[in-house]
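Here are my notes on the model, as numbered points. Please read them with the coordinates open.

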Amino acid sequence: MADRVADLAAAETRALVRTVAGLLTTDGQAGVLEAIERAAQACAATIGLAAIAGVINWAGEQVPARAGCPREPTHTGRLVGRRPRTIRTLLGLLGISRGYYHCGSCQHAGGSGGFAPLDVVLGVTGSSLSPGLARAAALAGAEMPYAKGFTFIGTVTRQLVFGTQDTRSIHAHVVPDPAEYRGDAHCHP
Ligand SMILES: [Zn+2]
């Protein structure tokens, strides 16, 4: 897997060098450096995402038949299967596939019963935003009006944030409230 990522990184880097060389030969065009920066940013994000997805999906393949319930240490969940989901990160969309479990005791108590241990490890239970992107959006939101903050994050990271789930996640990073966070942690597939 590391070799595959390294091959991809080499190909992406060669393509970037050709792109930069092409941009520089364009006579007197405004915004050349910004175009170069954007191309380099996209290249770095592609390589970074490939490395992250490779490692996380390797971790997602480790699916024991049972796993401890994150809501109650005395509970045990049964493996339902591997389920895919997409997380928005500082680098772009990250597609992962991980074990999804069902806790009968939580469902008896009126909860959804579903959980994914890898989501808990990554800090993305109940949120489609990575903690890093949520924190960046929260910091921007604290310094400027909400809509402007989203535009700012979009310009810097090239990622968009929206939706009520995202907003909850962003709030969780503005005022960390462990009790609220736990209450929010209904596990979504
Ligand atoms: Zn449980």
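1. Where does A116 lie? A116 is in the loop between β4 (114-115) and α4. The model is predicted, and the points below should be read that way. A116 counts as buried, because 26 C-beta neighbours fall inside 10 Å and the cut-off for burial is 20 or more. G99 is 17 residues away from A116 along the chain, yet the two C-alpha atoms are separated by 6.0 Å.

2. Overall make-up. The protein has eight helices and four strands. Read from the N terminus, the order is α-α-β-β-β-α-β-α-α-α-α-α. The protein has 189 residues, and 26% of them are buried. Take the contacts between residues at least 6 apart in sequence: 58% of these join residues at least 24 apart.

3. Length of helix α2. This helix covers residues 32-60, which is 29 residues. At 1.5 Å a residue, α2 should span 42 Å. Its end C-alpha atoms are 41 Å apart, so the two values agree.

4. Burial in α2. I47, A53 and G60 are buried in this helix. What covers the buried residues of α2? The cover includes α1 (2-24), β2 (76-89), β3 (92-102) and α4 (117-122).

5. Packing of α1 on α2. The axes of α1 and α2 are 10 Å apart, and the packing angle is about 175 degrees. Angles over 145 degrees count as roughly antiparallel, so α1 is roughly antiparallel to α2. The residues in this contact divide into 16 nonpolar, four polar and one charged.

6. Residues of the α1 and α2 contact. On the α1 side are V5, L8, A9, E12, T13, L16, T19, V20, L23 and L24. They meet V32, A35, I36, A39, A40, C43, T46, I47, A50, A51 and G54 in α2. An α-helix has 3.6 residues a turn, so residues three or four places apart point the same way. I47 is on this contact list and is also one of the buried residues of α2.

7. G48 in α2. Is G48 buried or partly exposed? G48, found in helix α2, is partly exposed, because 17 other C-beta atoms lie within 10 Å and burial needs 20 or more. G48 is 39 residues from A9 in sequence, and their C-alpha atoms are 8.8 Å apart in space. A9 is among the α1 residues that meet α2.

8. Crossing of α5 and α6. Helix α5 covers residues 131-143 and helix α6 covers residues 146-157. Their axes come within 8 Å and cross at roughly 130 degrees. The two helices are therefore oblique to each other. The crossing of α5 past α6 is right-handed.

9. Residues of the α5 and α6 contact. Which residues of α5 meet α6? They are L133, A136, A137, A140 and G141. Their partners in α6 are Y146, G149, F150, F152, I153 and T157. The contact residues divide into eight nonpolar, three polar and no charged.

10. G141 in α5. This glycine lies in helix α5. G141 is buried, because 22 other C-beta atoms lie within 10 Å. From G141 to I153 is 12 residues in sequence and 9.3 Å in space, C-alpha to C-alpha.

How values were computed:
Residues numbered from 1 in each chain as written. Predicted model: local features only at pLDDT ≥ 70, side-chain atom pairs only at ≥ 80, totals over all residues. Expected span 1.5 Å × (residues − 1). Buried ≥ 20, exposed ≤ 12 C-beta atoms within 10 Å, placed from the backbone. Contact = placed C-beta atoms within 7 Å. Axes fitted to C-alpha atoms, helices over the stretch in contact; angles between N-to-C directions. Parallel < 35°, antiparallel > 145°, perpendicular 65-115°, else oblique. Nonpolar A, V, L, I, M, F, W, Y, C, P; charged D, E, K, R; others polar. Left-handed = near helix turned anticlockwise from the far one by under 90°.
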